[in-house]
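Here is my note on the model, point by point. Keep the sequence and the structure open while you read.

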Amino acid sequence: MSRPRIVIVGAGFAGYRTARTLERLARNKADITLLNPTDYFLYLPLLPQVAAGILEPRRVTVSLTGTLRHTRLVLGEADEIDLDARTVRYADPEGGVGALTYDRLVLAAGSVNKLLPIPGVAEHAHGFRGLPEALYLRDHVTRQVELAAGSEDPKACRSRCTFVVVGAGYTGTEVAAQGQLFTDELVRGQPRWDGVRPRWMLLDIAERVMPEMDERLSATADRVLRQRGVDVRMGTSVKEATPTGVLLSDGEFVDTRTLVWCVGVRPDPLAESLGLPMERGRLLVEPTLQVPGRPEVFACGDAAAVPDLTKPGSYTPMTAQHAWRQGKVAALNVAASLGRGEPKPYRHSDLGFVVDLGGVKAAANPLGIPLSGPVAGAVTRGYHLAAMPGNRVRVAADWLLDAVLPRQGVQLGLVRSWSVPLDTASPELAKAPYAPAKPEADGHGSASGSTGTAASGRTGEAASAGDGAAGKKTPEPTGAARGRGTPERTDTSHTPAPGAEGDS
Ligand SMILES: Cc1cc2nc3c(=O)[nH]c(=O)nc-3n(C[C@H](O)[C@H](O)[C@H](O)COP(=O)(O)OP(=O)(O)OC[C@H]3O[C@@H](n4cnc5c(N)ncnc54)[C@H](O)[C@@H]3O)c2cc1C
């Protein structure tokens, strides 16, 4: 008899952990296939440190094939799931398509940038959900500082050196806190900058920084940000974004070339496309992480609405901590459904949160104990090292280097503005300007066991960052099949805006 086929969609916190646990539980008893657009697991909590030039981008990744030896990796993005035929259709990074059949399916496709219907935001803001966006921000910020230094126009200089972050959750807070330190470091010791400091603003309609967290964490973060010189504006949002600035909800117009959109995330549109019961865009599941009426389908992480058994009536928040633990339970329950072990419900109480504010500062409450200052900094970094599934030594080495050497103030310019649109179903991939005309000779469904078919018709979704130059030709719109059914918007192309930095 053939072995059961387990297909896992998404290799983030939830999917990676599912695969890793299943390798232990079901090795040689089932075929485990992991479908993911990239060949790495991304440790998202350290992304702000990539944007701030502390960590090199590969540090926050963990190779899938290098660490999951008994799992077959299929590179691609699921764009259609036929629940009756038990097949997952996907597009690979070269434009080909394929299909995987399953006996058990684990959906762990995570989330994408959240949009709000504010004029100009989709065109002029950038999100912070994937490695391309972090790389883009690092280069863009460096370039603004360099262009400002060479400019004779004080207004343009001020505008380039004003960086606006919208959304004061943990992501926006860390981006602003790290960003201010980064730009201070870029201008340090340069006579041109004598007495002038780049300015970072952090806006949110909420009344306090990190409103979803313990008030003490929030107060610590607020204090550190203000001491550092970040202009923290709570109760304020953006009314309109233009190529040269943003109009705030209080009527002020701020000249800037940088708008970082950290207002939150929404579940990956793939979940929605299934036509199954949803809870705020997340796939509703039972405490065993099974989809009601489809016991062979499991979902976990940001994409799933998992009942929080420690707080009846609510669902677990979208955090790495929950996704990681849910991945393990999903694996246990998949194995149980194949006759190995007993199913168990997902139950987990928060163990606290850590927010790295850069330098030696952090805000943390491990096991509910509020910490600030260097102690919190040490706990935070220790936590991340322990939580990362790999690459720890390299991360620690980068931290050490950052402590003793100045940061490298160079921009490579490989990720362009238009290749990281805010409105995308795949923030993990930089958009390419031109889609492959046809799949390459062997470029479809090439993994054994998958059924390759003809060209997908997807445009601009290839995973090559930085090929092609802005100004040569406007990139094609990125109308990914996976964008279908997105409630807010569909993908749009991002041409360099006139008067904006242009990414040339
Ligand atoms: C900048 C940032 C900082 C954060 N910091 C923290 C923190 O400090 N602490 C914390 O608890 N949480 C943090 N979070 C939230 C946390 O990272 C998420 O809750 C967590 O990643 C969710 O795990 P997941 O497995 O559901 O999704 P992800 O980790 O996002 O993984 C989803 C995977 O699915 C893949 N995928 C997507 N669509 C498809 C498709 N169609 N087909 C195949 N594969 C697909 C993606 O490429 C990705 O590999 C942060 C998030 C961000 C963006």
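1. The ligand shell by type. The residues of the shell around the ligand divide into 19 nonpolar, 10 polar and six charged. Here Ala, Val, Leu, Ile, Met, Phe, Trp, Tyr, Cys and Pro count as nonpolar, and Asp, Glu, Lys and Arg as charged; the others, Gly among them, count as polar.

2. What you are looking at. This is a predicted model: local features need pLDDT of at least 70, side-chain atom pairs count only at pLDDT 80 or more, and totals for chains, interfaces and linings use all residues. Residues are numbered from 1 along each chain as its sequence is written.

3. The ligand shell by place. The ligand is surrounded by 35 residues. The closest are G10, G12, G110, G301 and A323. Helices (H or I, at least four residues) and strands (E, at least two) are DSSP runs, numbered from the N terminus.

4. The whole protein. Count 12 helices and 26 strands. The protein has 504 residues, and 49% of them count as buried. Buried means that 20 or more other C-beta atoms lie within 10 Å of the residue's own; exposed means 12 or fewer, and partly exposed is in between, with C-beta atoms placed from the backbone. Now look at contacts with a separation of 6 or more. Residues 24 or more positions apart account for 69% of them. Two residues are in contact if their C-beta atoms, placed from the backbone, lie within 7 Å.

5. Strand β1. Find residues 5-9. Four of these five residues are buried, so β1 is mostly covered. β1 runs parallel to β2, with five bridges between them. Two strands pair if DSSP finds at least two bridges between them. V9 has L35 of β2 as its bridge partner, and I8 stands opposite L34 in β2. β1 also pairs with strand β9 (residues 104-107), again in the parallel sense, over four bridges. There, I6 is partnered by R104.

6. The unit around α1. Which three elements make a right-handed β-α-β unit? They are β1, α1 and β2. To check the hand, point the strands away from you: the crossover is right-handed if the path from the first strand over the helix to the second runs clockwise.

7. Strand β2. Is β2 largely enclosed or open? Five of its six residues are buried, so the rest of the structure largely encloses β2. Four bridges join β2 to strand β5 (residues 72-75), and the two run parallel. R72 in β5 is the bridge partner of T33.

8. Helix α7. This helix has 18 residues. From first C-alpha to last, α7 reaches 26 Å, close to the 26 Å expected at 1.5 Å a residue. The expected span is 1.5 Å times one less than the number of residues. Of the 18 residues of α7, 15 are buried. G189 follows α7 and has a positive phi, near 80°.

9. Helix α8. Its 14 residues (215-228) should span 20 Å, and the end C-alpha atoms are 20 Å apart, which agrees. L217, S218, T220, A221, D222, V224 and L225 are buried in α8. The buried residues of α8 pack against α7, β12 (199-204), β13 (231-234), β24 (354-358), β25 (361-364) and β26 (371-372). Just after α8, G229 takes a positive phi of about 100°.

10. A hairpin. Strand β7 (residues 87-91) and strand β8 (residues 97-101) pair in the antiparallel sense over five bridges. R89 stands opposite A99 in β8. Five residues lie between the strands, and G95 in this hairpin has a positive phi near 95°.

11. L289 has a positive phi of about 75° although it is not a glycine. L289 sits in the loop between β20 (282-284) and β21 (290-291). L289 is buried, with 32 other C-beta atoms within 10 Å. N391, also not a glycine, has a positive phi near 65°. N391 lies in the loop between α11 (373-387) and α12 (392-404). Is N391 buried or exposed? N391 is buried, with 23 other C-beta atoms within 10 Å.

Technical notes. A residue is near a molecule or strand if its C-beta atom, placed from the backbone, lies within 6 Å of it.
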